[in-house]
Amino acid sequence: HAAAKRALKESGLFQTRDDVLRIEAELNGRDSADTLVVIKIKEVGRNRTSVKIRYGVLKPDLPAAQKLYQLIAQQL
C-alpha cells in the first residue's frame, strides 16, 4: 500500500481515494487529463500480493498502467 501511494505521487497523479482494510486496499487517482486511475491491492498469501491497475475507465491505457506498475515495483 505504501509503495503504491509513493508511486502515485512520483508519477504525478493526484490521489482522490485511499481505502485500507486489513488484507486489501484501493487507491484512486486522477492524472492531468482527469483520467481515473484505480489501484486494487489484495494479500493473497504469505509474501504474495495481487495488484490490479485500471488506468482509464472508458478507454484503458495499458502502457500507462504498466509504467505505474513498474513504479510500484521499484518502491518495494
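The lining of the largest pocket holds 3 nonpolar, 1 polar and 7 charged residues. In this count Ala, Val, Leu, Ile, Met, Phe, Trp, Tyr, Cys and Pro are nonpolar, Asp, Glu, Lys and Arg are charged, and the others, Gly among them, are polar. This is a predicted model, where local features need pLDDT of at least 70, side-chain atom pairs count only at pLDDT 80 or more, and totals for chains, interfaces and linings use all residues. Residues are numbered from 1 along each chain as its sequence is written, and side-chain values use heavy atoms, leaving out hydrogens and water.

**Largest pocket**
- About 190 Å³ of space lies here (a pocket, on a 1 Å grid over the protein atoms alone, is an open set of points where a 1.4 Å probe fits, with protein on both sides within 12 Å along at least five of seven lines; lining residues have an atom within 4 Å of a point).
- The lining includes Arg17, Asp19, Glu24, Lys40 and Ser50.
- Strands E1 (14-20), E2, E3 (36-45) and E4 (48-55) each give two or more residues to that lining (strands are DSSP runs of E, at least two residues; helices are runs of H or I, at least four).

**Second largest pocket**
- Among the lining residues are His1, Ile41, Thr49 and Leu76.
- H1 and E4 are the elements giving two or more residues to this lining.

**Confidence**
- The protein chain averages a pLDDT of 93, with 100% of the residues at 70 or above (pLDDT is the predictor's confidence in each residue, from 0 to 100).

Methods:
Points joined across faces, edges and corners; volume = space filled by probe spheres on them.
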